[in-house]
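Here is a friendly walk through one protein model, in questions and answers. Take a look at the structure before we start.

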Amino acid sequence: YTGAPGAPGNGEGIECFELNPRTGELSPFSPAVKTPNPSWLALHPSKKYLYALNEVNDFDGGNGSVSAFAIGATGTLKPLNTVSSKGAGPAHCSVDAAGKFVFVANYGGGSVAVLPVLTDGSLGSAVDVHRDVGSVGSKHATNAPPGSLVVSGHDVPHAHMIAADPQNRFVLATDLGQDRIYTYRFDPATGKLSAPSGAPYTSLPTGDGPRHFAFHPNGHWLYSIQEEASTVAFFHYDPATGSLRAQQTVSTLPSGFAGSNTTSEILVSHDGKNLYAANRLHDTIAAFSIGAEGRLSHIGEVSTMADTPRSCSIDPS
């Protein structure tokens, strides 16, 4: 965060680094790109454009925004434009497989939006917006570890992540406040999201707070991480209908853990053999093996060497 309205912080903007794939060393190669609270980045499939959320609440009448950048031959970023995210405090964005639309989840506004990608990589005004309405879950997670004091996020709907499935036919979105994973049928020509033929959402246990999800490379398994319960839920995903069937729920914490913890990111390795989950307060990355049927077996944890990991990723190799 840069300290722009919406969140305190003293960041400079988008920092640009070069990665040494042999040693893991990061070296800054250009000045930071100034943009307010760029709390999430999404790369265009062409690798020519980068999209950054501006997690603010003062753009275009109380909304957040999304900024588009062109990526130069040396990796430097050139600002293209900034448009409304159609909701306050956006927390996640992604790009569809064809590179024609950017999906945005507005945490503060409890809404999701679809922004068109124009021919030069810049963004147009939203072509579709859906606001989550209805009941919210319990302030205390059903599956929280013993002694947990975590009570955040269940005051109003909070859209937290949105992304297309591997086939680019459906779009899934989590709402932490409602303990739901929504499924939308996606029109790749217009960007419109519509209700599927089946149930419009899958419910998680009340208060558990689904945050992010990750698909397995086979396209038939989906894993959701619950922020306030510190759990990972495994689902069978039907690519023909976009529906989810629950199979397993495991804790991201070591056996016998008691106290407060929240989770943030979830990753599946490129080979589909392992899953990783970030713990905050426990401040670890939990590792799991993925069995032949998709079920998870706990391997252990490694310290993040600092407090409160918000995200993590796996390098391309």
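A pocket here is an open set of grid points with protein on both sides within 12 Å along at least five of seven lines, and its volume is the space filled by probe spheres set on the points. Please keep in mind that this is a predicted model.

Q: What is the volume of the second largest pocket?
A: Rolling a probe the size of a water molecule over the atoms shows where empty space is left. For the second largest pocket, that space comes to about 180 Å³.

Q: How many charged residues are in the lining of the second largest pocket?
A: The lining includes Glu55, Glu227, Arg211, Arg280 and Arg310. Tyr1 and Ala7 are also among the lining residues. By class, the lining has four nonpolar residues, two polar residues and, as asked, charged residues numbering five.

Q: Which strands stand at the edges of the open sheet of four strands?
A: The order in this sheet is β20-β21-β22-β23, with antiparallel pairing. An edge strand has a single partner, so one side of it is left without a neighbour in the sheet. That applies to β20 (262–268) and β23 (296–303).

Q: Which residue in β22 stands opposite Ala277?
A: Strands β21 (residues 274–280) and β22 (residues 284–290) run antiparallel and are joined by six bridges. Across from Ala277, the residue in β22 is Ala286.

Q: Which residue in the hairpin of β17 and β18 takes a positive phi near 55°?
A: Most residues other than glycine have a negative phi. This hairpin has four residues between its strands, and the strands pair in the antiparallel sense over six bridges. The residue with the positive phi is not a glycine; it is Ser230.

Q: Is Ser230 buried or exposed?
A: Ser230 lies in the loop between β17 (221–226) and β18 (231–238). Buried means under 20% relative accessible area. Ser230 has 0% relative accessibility, so it counts as buried.

Q: What does Thr308 count as at 44% relative accessibility?
A: Thr308, found in the segment after β23, is not a glycine, yet it has a positive phi of about 55°. The cut-offs are under 20% for buried and over 50% for exposed, with partly exposed in between. At 44%, Thr308 therefore counts as partly exposed.

Q: Which residue takes a positive phi near 80° in the hairpin of β18 and β19?
A: β18 and β19 (residues 243–251) pair in the antiparallel sense over eight bridges, with Phe235 opposite Ala246. Four residues lie between the strands of this hairpin, and the positive phi near 80° belongs to Gly242.

Terms used
Residues are numbered from 1 along each chain as its sequence is written. This is a predicted model: local features need pLDDT of at least 70, side-chain atom pairs count only at pLDDT 80 or more; totals for chains, interfaces and linings use all residues. Side-chain values use heavy atoms; hydrogens and water are left out. Two strands pair if DSSP finds at least two bridges between them. Helices (H or I, at least four residues) and strands (E, at least two) are DSSP runs, numbered from the N terminus. On a 1 Å grid over the protein atoms alone, a cavity is a set of points where a 1.4 Å probe fits but cannot get out, and a pocket is an open set with protein on both sides within 12 Å along at least five of seven lines; lining residues have an atom within 4 Å of a point. Ala, Val, Leu, Ile, Met, Phe, Trp, Tyr, Cys and Pro count as nonpolar, Asp, Glu, Lys and Arg as charged, and the others, Gly among them, as polar. Buried means under 20% relative accessible area, exposed over 50%, partly exposed in between (1.4 Å probe, protein chains only).
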